[in-house]
Amino acid sequence: AQSLRSVQMAHQMLTCAGGDDGTNNSTCEKSLMHTTSNNAENIDFTSFRDNYNLSPGMESGIFIKQEGEGKNCSKTNAHIALSSTKLWGLCPKSGTKNHSLPPGPGKHFSNLMYNARSETLYEKRTFQNLALAGKTCIWAIDGFFEWKQPSKDILSNSPNKQPYFVHRNDNHPLIIPGLFTRVKTGNISDDGQEEMLETFTLITTAACEPLRWLHHRQPTFIWDMHLAEEWLMNPSQELIEKIATLATEYGGTTRTDTREKDLKLVAKSEGERSDQIEQSESCLAWHPVTKQMSSLKYRNSDSVNPIKIEKVASVKSFFTAAAGRKAGNSNGASSAASESKKRSIFGKAGNSSGANFFKPKRLKVNEVGGNEKPSSTGLKEKAAKKGSITNFFSPKSS
C-alpha cells in the first residue's frame, strides 16, 4: 500500500538526512505534510494517486538519483527526486519489432523479478548490472501484505489464506531499497516514438524475529535515512549487506542507535517527543485485513483496515471457565458458612441479645418424638434409603 502521505514523508526524511551541515535545519522543522524546501520544487505531487492494494504490474512512485544539480539547493539533496511512476515488477529485456513485450501485468509476474534477494544481488547478472550502473531506487510505502493459512480454531467461511497488513507502529512509511530499469517495448507510440517501459523491483532479506511467524522473508527495511541516501548515491555490495543485516537483526525488536538522529528529526517535524517514540520496543505492527483485498480488482481504502477474527472456543477454555465458576461457588459457600457461623455466635439474625447461644439444643432421637428408642423396622427402612452398591446386590427379603 502506498499513499501520498507516505511519499511526502519519505521525501522530507531524505531531505533531512542530507542536511547535517545545518543548511536544512529549518526545512526539517517544517511539517512533513507541507514540504517547503527549495529542492521540493522539483517534485510534483498533484498527479500522484493513493493505492492501498498494490501488486506487481501496477504503477508506483519511487525515489531515484537525479542527474545534475538542482536550483538553489545543495549538491547532496539535488540528486534525490521522486521519479515518474514506474511499474512494479522488473522487465530487464527490451522487446523488438517482431517480438514486442506483451501488454498487461502478466510479464511482471512471469519472470518473478518483482523481488530481488539481497544475498544474491551482486551475483545475478541482471541485478548486478543495474546496481553497478547506479540504477538504484528507494520505495516508500505505508506497509505491505503477507498471507498465512488460518489455524483450525478460526471461524471462517473461506479456506483461503488470511492476509495481514504489516506497517511501522509509528505510522511513518517503510523505506525499502530497490533497482529500476528502462527498456524498449518494441512498439511505436501514437506520436511515432519508440515506446519505453520503466519498471522496478524491491530488495528482500530474511525476516526479522517478530515476523517469522508470518513469513521467512521480508522487504529490506532501511531504518537509517543516511543509509537510504547512500544507496541512491553510492550503492555497493557492502552497503546492501549492512542494510540487510540491520533489517533482519534490528528490524522489529528494537530501534538501533543509527536511527536516533532520524527519529529525532521526524519527531520534531511532527511536534512529537522523540523519547515517546523510543519507548516502543517493536518497530513493526500488524493486523488481519479483509480477504477481499486478495483480489487484484479490489481497490477500496479499507484494504488496510484491521478486522476482528473470531475463534472457536477450545475445550481448555471450557474447563477453565467451569473451574472459575466452581471456585466462585466454593468461595461463596465458604463465605456463607463463615457468615452463618459468625451469626450463630451472636444468635439468630435480627437477634443481638445472644440468648440463644446459651440455650441447650434438643437432640432428636426419632421422628416420633420423646425418648423412645428407634425400632428395628425403622433402621431397615433408613438403611434401604442409602442406595449403596452393597444394598443393591444384597438378597432381597421375601
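The face of helix 5 turned away from its buried side carries two exposed residues, Arg 125 and Leu 132. Here exposed means over 50% relative accessible area, buried means under 20%, and partly exposed lies in between, with a 1.4 Å probe and protein chains only. Helices (H or I, at least four residues) and strands (E, at least two) are DSSP runs, numbered from the N terminus.

Before going further, a word on the source: this is a predicted model, in which local features need pLDDT of at least 70 and side-chain atom pairs count only at pLDDT 80 or more, while totals for chains, interfaces and linings use all residues. Residues are numbered from 1 along each chain as its sequence is written, and side-chain values use heavy atoms, with hydrogens and water left out.

**Helix 5 and what covers it**

Helix 5 spans residues 125-132, and its buried residues are Phe 127, Leu 130 and Ala 131. Looking down the axis of helix 5, these buried residues fall within an arc of 100°, so they line one face of the helix. The arc is that of the directions from the helix axis to the C-beta atoms. An α-helix has 3.6 residues a turn, so residues three or four places apart point the same way. The cover over the buried residues of helix 5 includes strand 5 (115-117), strand 9 and strand 10. After helix 5 comes Gly 134, with a positive phi near 80°.

**Helix 7 and Ile 240**

Helix 7 (residues 237-249) has 13 residues and reaches 18 Å from its first C-alpha to its last, close to the 18 Å expected at 1.5 Å a residue. That expected span is 1.5 Å times one less than the number of residues. The buried residues of helix 7 are Leu 239, Ile 240, Ile 243, Ala 244, Leu 246, Ala 247 and Thr 248. They pack against strand 9 (174-188), strand 10 (194-206), strand 11 (217-219) and helix 6 (225-233).

Which residues does Ile 240 contact, leaving aside its neighbours within four places in sequence? They are Ser 118, Leu 121, Tyr 122, Pro 177, Ile 203 and Trp 231, where contact means heavy atoms within 4.5 Å. Ile 240 counts as buried, at 1% relative accessibility.

**His 108 in helix 4**

Helix 4 (residues 106-110) holds His 108. With 1% relative accessibility, His 108 counts as buried. Not counting residues up to four places away in sequence, His 108 touches Pro 56, Gly 57, Leu 87, Trp 88, Gly 89, Cys 91, Tyr 114, Leu 197 and Thr 199.

| Pair | Apart along the chain | C-alpha to C-alpha |
|---|---|---|
| His 108 and Cys 91 | 17 residues | 6.7 Å |
| Ile 240 and Leu 121 | 119 residues | 8.7 Å |

Two strands pair if DSSP finds at least two bridges between them.

How many bridges join strand 7 and strand 8? Strand 7 and strand 8 (residues 162-168) pair over 6 bridges in the antiparallel sense. In strand 8, Pro 163 is the bridge partner of Trp 147, and Gln 162 is that of Lys 148. Strand 8 and strand 12 run antiparallel and are joined by 5 bridges; in strand 12, Trp 286 is the bridge partner of Val 166. Strand 8 has 7 of its 7 residues buried, so it is largely enclosed by the rest of the structure.

The loop between strand 8 and strand 9 contains Asn 171. Phi of Asn 171 is near 65°, a positive value in a residue other than glycine. Most residues other than glycine have a negative phi.

**The whole protein**

Stepping back, the protein has 12 helices and 12 strands. Of its 398 residues, 40% are buried. Among contacts with a separation of 6 or more, 71% are between residues 24 or more positions apart.
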